[in-house]
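Trainee: I am new to this structure. Please give me a quick overview, then a close look at one part of it.

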Amino acid sequence: MKLKQMLFILVALFLLIAITACGAAGNDQAEENEPEEVIGEQVVLKATNWAFDQESYTVPAGDINIALENVEGHHGIEVDGTDVSISGEGSVNTTLEPGEYTIRCTIPCGAGHAEMLATLIVE
């Protein structure tokens, strides 16, 4: 076999393995973020590229279900001062005391990523 043919086969094989590995990683992540049963008040954050659908979300204190829906792009969230973290789509149940909590996108989503913030107001 000529050197060019062997090189072509190796590159093609490498690309096939890389594409397959990327697809498998996405499936694992989806399984990790299975929606939980909604307990208490639910708030749904809809994420588009560089923004949430609202600047603030208000819920009563106590048991809360926070859900993330990716309308455009791929996003994740963390709620400062809590253990709430969602990567991709999904939901999480938590109990929150009254206060204001900053919600931030955790997956780099482009030029406006740093400004992708919202406030969770717990009354």
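Mentor: Read along the sequence, the pattern is α-β-β-β-β-β-β-β-β-β. That makes one helix and nine strands in the protein. Both are DSSP runs, numbered from the N terminus: helices are H or I with at least four residues, strands are E with at least two.

A word on the basis. The model is predicted, so local features need pLDDT of at least 70 and side-chain atom pairs count only at pLDDT 80 or more, while totals for chains, interfaces and linings use all residues. Residues are numbered from 1 along each chain as its sequence is written, and side-chain values use heavy atoms, with hydrogens and water left out.

Two strands pair if DSSP finds at least two bridges between them.

Strand 8 covers residues 99-105, and strand 9 covers residues 117-122. The two run antiparallel, joined by six bridges. Take tyrosine 101: its bridge partner in strand 9 is leucine 120.

Next, follow the chain between these strands. Glutamate 115 sits in the loop from strand 8 to strand 9. It is ten residues from cysteine 105 in sequence, and their C-alpha atoms are 8.8 Å apart. Is glutamate 115 buried or exposed? Glutamate 115 counts as exposed because its relative accessible area is 57%. The cut-offs are these: buried is under 20%, exposed is over 50%, and partly exposed lies in between, with a 1.4 Å probe and protein chains only.

Four strands form an open sheet in the order 2-1-4-7, and its pairing is mixed. Asparagine 65 stands opposite asparagine 93 in strand 7.

Last, step back to the whole chain. Of its 123 residues, 28% are buried. Among contacts (heavy atoms within 4.5 Å) with a separation of 6 or more, 56% link residues 24 or more positions apart.
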